[in-house]
Structure formats: structure tokens, C-alpha cells
Amino acid sequence: MEQFVAVKRSKDGQPVRYLVVDDSVFARKNLARMIETFGGQVAGEAGDGMTAISEYERLKPDIVLMDITMPQMEGIEAAEKIVQQHPEARIVMVSSVGYQENIVAALQRGARHFVQKPVKPEVLYEVIKYVMGEDGTAAHAAGAGA
Amino acid sequence: MELRLTPRARGPEMRMELIQPFINAADAVLAQGLQSPTSVANLSMEQEAYRRKGVAALIWVTGDIEGRIVIDLDPTTAVRVASRFAGTELPESDELVRETVCELANQVIGNAVTSLNDQGFHFRVHPPVLHTSEHGPKSSEDTEALVICFETCIGNVFLNIALRHNCTPNPEPAAAVGH
């Protein structure tokens, strides 16, 4: 898999920490591999919306990658609940269903961006840089440079 | 990738406008995941109950469009595809192989749903389930299944589609769910 210029946190130069939420183990592993190539760190994983909320509270990640359809609680509802408690939360929805209402609903309820599956690493990378904004910097680093 | 059914192969209930988005989605998802182009090797209609070929994921659809879609790979191809998607060699017994086939189905159906939603179809996509029995159900008594064999660089992937729509699509975009 292609390597990207590492995206680090501007405030301390540390890797961006991610919470990966998807009921598919395969999808989580796939995203984790991409995160590695971005120079990021998977702080935690969750397989449903309820767990995502508790894991967010525990880990306070920089970015959440959130699937939509999951057991117990769907991703859009979980995103809304997280953002209600933490308006600063950066949540990127990752779903194979990319029709307009789904995207609008996710954005209206607090998500910062939407990426359609199958995820292209270069697309997700650009979204991560955009969502991190001034809180992230892309800089060459050992083991994560292009 | 555009396919046309001959009149003989065309079922009475299933229309190509419903099928084409699934073919396009499967083509795109497989080509991206395998980093290699795919082609349709074979296309046939089946009236018999579904017979599983290997590792299969089944997704039900209800609403304006009703029926089921199965993605099926023989065991060896399933391992190869899962290994390619996972970026590492997986043993045949690995749960990740079955997981990958479910996620593959999920992505294909999700992308097709996105396209059909733009055409105004109201329907619900149910989460994928691993199809483990040797024989499966027909979508309904009066719906044939279209079986599409995609030839990939590491083996054949079968898409078995039995769908029909119940009414004229609403021009307003519809709500649907999926991964």
C-alpha cells in the first residue's frame, strides 16, 4: 500500500489518533492499514454505535471513522450523541451507501465529512488533512514518509 | 460495463434497469479491491432454488424493489480475494475470509443502492448474512435469478440476483439503509 506524508498533530507533533468504528472486522482492519500509511495511530476500535460513544469518552481520539449501519446503534445517531457532548469531535462517516440524503443527514447531525466505500486511500488521506485543518500538519517522518 | 439481455434470457419480472447498477457496482468494487480489471464471463437465468458454490453472502432487499442478491465465491477464490483485500495471505479457515465476502457484498450492494436511490426507488437493504446452507431460497415464486459470473485475475466471482420491483419509482429520492 502506498505511503503518504505523515499527518501529525500540530500541537505536539504526535501521530493523529483514530477511533475506527465498523461492525465488519475486515473493514476495520482495512482502515487501520490505511491509517498506518498516513502515519496515524489506531487508538481504539468499536463494532457498534454504543461502544463507539463509550470508547470516544475513554480515548478522546483526534478523529473518528464511523460506519453507518451497525447493530444496536447506527453510526449517524452515535455521531450525533458524541458531538452533543463533544462539539469539537471530528467524525468522518465511512459508508458504501453514498446517496445524498444519507450524506446530508450525517452532516446535519454533526459529522465533518463523508467517504464512500470502497475507500480509496488517497481520498481518505485528503479528507483527514481537511478535517484536521490547522490542528494537523503533513510532514515527512521516519517510517511514514512518502 | 453495460450488458444487454437477449429476449430469451429476459425474465418476466426482473428488468435490466434494476440489474445494471449491481453489475456496475460489482465491477467497480472488484476492480478497485483487486487492482485489476474484471469482465463478465457468463450470464444466465436460473429458475431453480439457489445452490451455493462456496463462501456466499446473502442480502435481502424489501420495498419498491424486492428480492435477494448473493455474492458467491468458490473456497479457493474466496481465500485469494480475501487475502488480496486484506493485503496478507489468509488461511482458508480464517474467519476473515467470510468477513471479507460479507463486506464485499455490502460494498457492492451499497454502491448499487446509491445509484438506484437516485432513480427514486424506495427500498430497504438488510445487513449481509453469511449463506451457509447448500441450497437457498428463490426470491419469490415468480422471479427468476440472473447469475453473472465475473472473471477476475484470481478466479470467478458469482453475483446471483433475484429482484423485481413492485411499483413505478417515485421521482423523489428515497430513504434506504446500508453499510
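Predicted model: local features only at pLDDT ≥ 70, side-chain atom pairs only at ≥ 80, totals over all residues.

Student: What makes strand β2 (residues 17-21) of chain A and β4(A) a pair?

Tutor: Pairing needs at least two bridges. These two strands have four, in the parallel sense, so they count as a pair. β4(A) also pairs in the parallel sense with strand β5 (residues 91-95) of chain A, over three bridges. There, A:Met66 has A:Met93 as its bridge partner in β5(A).

Student: How does the chain get from β4(A) to β5(A)?

Tutor: Through helix α3 (residues 75-85) of chain A, in a right-handed β-α-β crossover.

Student: Which way do the residues of strand β4 (residues 63-66) of chain A point?

Tutor: A:Ile63 and A:Leu65 point one way, A:Val64 and A:Met66 the other, and all are buried.

Student: Now the interface. Why is the meeting of B:Glu103 and A:Lys117 called a salt bridge?

Tutor: The cut-off is 4 Å from a Lys or Arg side-chain nitrogen to an Asp or Glu carboxyl oxygen. Here the N to O distance is 3.0 Å, so the pair qualifies. The rule finds one salt bridge across the interface of chain B and chain A.

Student: Which element gives the most to chain B's side of that contact?

Tutor: Chain B's contributors of two or more residues are α1 (16-34), α2 (75-86) and α3 (95-118). α3(B) gives the most, with 11 residues.

Technical notes
Residues numbered from 1 in each chain as written. Chains lettered and ligands numbered in written order. Heavy atoms only, no water. Buried < 20%, exposed > 50% of the residue type's maximum accessible area, 1.4 Å probe, protein only. Right-handed = clockwise from strand over helix to strand, strands pointing away.
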